[in-house]
Amino acid sequence: KRKKPKKRSSIVVSTAEELDIIVTNAQNLFDKYTQIARNHNQRVTWQTVSNEIGINVKVREKYARYHARAKARGFNFKTHGHVKIKDYPEIFMQPLGDSGANDDAAASNVEEDSGNEKSYYTPDAQ
């Protein structure tokens with residue numbers, strides 16, 4: 001018999017808002033634990049924070065990269081939090097400087113179509 005691989009995360013992030021919440025929460029926990037550890041002359045690792053949140057360290061790092069790329073491209077998590085990460089790999093997944101469109105304009109091109117509440121991305125729009 002073949003064993004099922006162990007899941008690396010109990011949390012699945014699909015929208016930009018969820019990504020922002022997880023990354024912000026992880027950073028806040030890390031800052032909090034670091035402050036406590038300083039008082040006891042110790043260090044905190046991301047492993048501690050990841051265990052507290054319920055995700056693997058590598059998954060947390062992946063989410064942090066997605067978040068950093070989106071912020072660097074000017075993505076607004078408040079107004080476009082409903083956007084699905086998988087639908088816009090050019091914003092979240094492609095390394096900076098690797099996209100065909102202008103990185104600064106990439107995230108600003110996510111717009112809402114009020115007719116059917118669907119978001120879309122237009123790389124050629126300036």
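Predicted model: local features only at pLDDT ≥ 70, side-chain atom pairs only at ≥ 80, totals over all residues.

Visitor: How many helices and strands does the chain have?

Guide: Helices (H or I, at least four residues) and strands (E, at least two) are DSSP runs, numbered from the N terminus. The chain has five helices and two strands, and from the N terminus on their order is α-α-α-α-α-β-β.

Visitor: What share of the residues counts as buried?

Guide: Buried means under 20% relative accessible area, exposed over 50%, and partly exposed in between (1.4 Å probe, protein chains only). Of the 126 residues of the chain, 37% are buried. As for contacts (heavy atoms within 4.5 Å), among those with a separation of 6 or more, 51% join residues 24 or more positions apart.

Visitor: How is the span of a helix judged, and what is it for H1?

Guide: The expected span is 1.5 Å times one less than the number of residues. H1 has 24 residues and reaches 35 Å from its first C-alpha to its last, close to the 34 Å expected. For H3, with 16 residues, the end C-alpha atoms are 22 Å apart, which agrees with the 22 Å that it should span.

Visitor: Which residues of H1 are buried?

Guide: An α-helix has 3.6 residues a turn, so residues three or four places apart point the same way. In H1 the buried residues are Ala 16, Leu 19, Ile 22, Val 23, Ala 26, Leu 29, Phe 30, Tyr 33, Thr 34 and Ala 37. Their packing partners are H2, H3 and helix H4 (89-92).

Visitor: At what angle do H1 and H3 pack?

Guide: Axes are lines fitted to C-alpha atoms, for helices over the stretch in contact, and angles run from 0 to 180 degrees between N-to-C directions. The axes of H1 and H3 are 10 Å apart, at an angle of about 115°. Angles under 35 degrees count as roughly parallel, over 145 as roughly antiparallel, 65 to 115 as roughly perpendicular and the rest as oblique; H1 and H3 are therefore roughly perpendicular to each other. H1 contributes Leu 19, Asp 20, Ile 22, Val 23 and Ala 26 to the contact, and H3 contributes Arg 60, Tyr 63, Ala 64, Tyr 66 and His 67. By class, the residues of this contact are seven nonpolar, one polar and two charged (Ala, Val, Leu, Ile, Met, Phe, Trp, Tyr, Cys and Pro count as nonpolar, Asp, Glu, Lys and Arg as charged, and the others, Gly among them, as polar).

Visitor: How do H1 and H2 cross?

Guide: The axes of H1 and H2 come within 10 Å and cross at roughly 125°, which makes H1 oblique to H2. The contact involves Ala 26, Gln 27, Leu 29, Phe 30 and Tyr 33 of H1 together with Trp 46, Thr 48, Val 49, Glu 52 and Ile 53 of H2.

Visitor: Is His 67 buried or exposed?

Guide: His 67 lies in helix H3 (residues 57-72) and is buried, with a relative accessible area of 8%. Beyond its neighbours within four places in sequence, His 67 is in contact with Leu 19, Asp 20, Val 23 and Phe 77.

Visitor: Where is Val 44 found?

Guide: Val 44 is in the loop between helix H1 (16-39) and helix H2 (46-53). At 18% relative accessibility, Val 44 counts as buried. Apart from its neighbours within four places in sequence, Val 44 is in contact with Phe 30, Tyr 33, Thr 34 and Ala 37.

Note on methods:
Residues numbered from 1 in each chain as written. Heavy atoms only, no water.
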